[in-house]
Amino acid sequence: MPSIVTLTLNPTVDASTEVGRVTANEKLRCESMRYEPGGGGINVARVVARLGLDVTAVFLAGGATGRQLRELLEDETGIDALPVDIDGSTRLNVHVDEHESGDQYRFVMPGPEVTAEEYETAVDAALQTSPDILVASGSLPPGVSDDALAEVAKRTRETPTRLIVDTSGPALEAVAGAGVYLLKPNATELRDLWGGDLEDDDLEAAARRLAERGAADVIVLSLGSGGAYLATSDGGRHLRAPTVPIESRVGAGDSMVAGIAVGLVRGWEVTDAVRLGLAAGAAAVMTPGTELARADDIERLYRRGTD
């Protein structure tokens with residue numbers, strides 16, 4: 001039985017390149033392209049595997065990019081990849097780093113149309129192994145209803161499996177209160193979930209109030225370089241993030257979720273698991289382009305934060 005299973009309904013092949021300057025209406029001579037497997041749950045699985053835990057990645061895949069995604073995951077150590085075939089073509093996202101400014105441009109595609117049968121096959125595959133932790137992470141593709149993850153939550157609610165969800169928009173609103181163990185919104189997503197304007201100073205109180213109302217057993221409000229706020233029905237506390245040089249913000253949230261999941265499977269208290277998540281998120285921003293967090297950086301930053 002795998003300790004952690006990830007579910008990615010809208011995976012991607014992430015293509016990254018560099019250019020001197022991004023200029024409208026001109027041909028931009030880019031450097032060589034780098035391709036990596038991507039999408040919320042797949043990124044989580046890659047970091048979990050780097051931290052030495054068994055992980056199964058369930059994802060939808062179709063077309064030429066779907067085949068490329070499978071091949072890229074074959075090169076990843078420690079991941080048991082379980083692709084579910086779809087008729088549509090897996091999306092390709094493009095990330096461009098501009099040398100002149102240091103800015104990063106991220107072009108994110110919507111994904112293919114997915115049928116109910118394709119979605120249900122993926123969910124069945126993710127649940128049939130009864131994992132300790134199920135991570136449903138990333139956006140929903142066209143064709144999948146906003147309450148899809150809420151249905152997953154209902155299926156795990158009466159089982160030992162703890163469901164972690166990292167999503168946004170209507171999917172996040174639908175899954176809140178459906179029986180999720182842990183939600184990881186950022187500030188923007190928390191404002192949407194709250195349903196009204198919130199000043200920065202009110203975010204932590206809102207996260208605590210949502211936990212008290214049963215939106216999830218645990219809410220981890222991600223605050224970027226400001227760390228995270230951990231809220232439960234018993235209260236909350238602010239946790240600091242390690243200070244690191246920033247190369248890229250791609251994959252920081254997914255790396256954070258991976259660190260939390262690993263900490264929980266190790267049997268740690270949730271506070272320490274979130275600290276490992278913060279270390280993983282910080283390690284991710286230290287890497288260039290679409291590269292994810294490295295295990296040595298994660299463990300070093302975690303130790304630094306607990307010394």
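A salt bridge here is a side-chain nitrogen of Lys or Arg within 4 Å of a carboxyl oxygen of Asp or Glu. The views below show a predicted model, in which local features need pLDDT of at least 70 and side-chain atom pairs count only at pLDDT 80 or more, while totals for chains, interfaces and linings use all residues. Residues are numbered from 1 along each chain as its sequence is written, and side-chain values use heavy atoms, with hydrogens and water left out.

**View 1. A salt bridge joins Glu299 and Arg266.** The closest N and O atoms of this pair are 3.1 Å apart. Glu299 sits in helix H10 and Arg266 in the loop between helix H8 (252-265) and helix H9 (270-285), so-called distant parts of the chain, 33 residues apart. (Helices are DSSP runs of H or I with at least four residues, strands are runs of E with at least two, and both are numbered from the N terminus.) Glu299 is partly exposed at 22% relative accessible area, and Arg266 is partly exposed at 31%. Buried means under 20% relative accessible area, exposed over 50%, and partly exposed in between, using a 1.4 Å probe and protein chains only.

**View 2. Arg34, Glu36, Arg46 and Glu76 are linked in a network of salt bridges.** Glu36 meets Arg34 at 3.4 Å, N to O. Glu36 is buried, with 5% relative accessible area, whereas Arg34 is partly exposed at 40%. Glu76 meets Arg46 at 3.1 Å, N to O. Glu76 lies in the loop between helix H2 (63-74) and strand S5 (79-85) and Arg46 in helix H1, so this pair ties together parts 30 residues apart in sequence. Both Glu76 and Arg46 are buried.

**View 3. Helix H1 (residues 40-50) is mostly covered.** Ten of its eleven residues are buried, among them Ile42, Val44 and Arg46. Just after H1 comes Gly52, with a positive phi of about 90 degrees.

**View 4. Pro112 lies in the loop between strand S7 (104-107) and helix H3 (116-127).** This proline is buried, at 12% relative accessible area. Pro112 and Pro11 are 101 residues apart in sequence, and their C-alpha atoms are 9.9 Å apart in space.

**View 5. Confidence along the protein chain, given as pLDDT (the predictor's confidence in each residue, from 0 to 100).** The chain averages 92, and 98% of the residues score at least 70.
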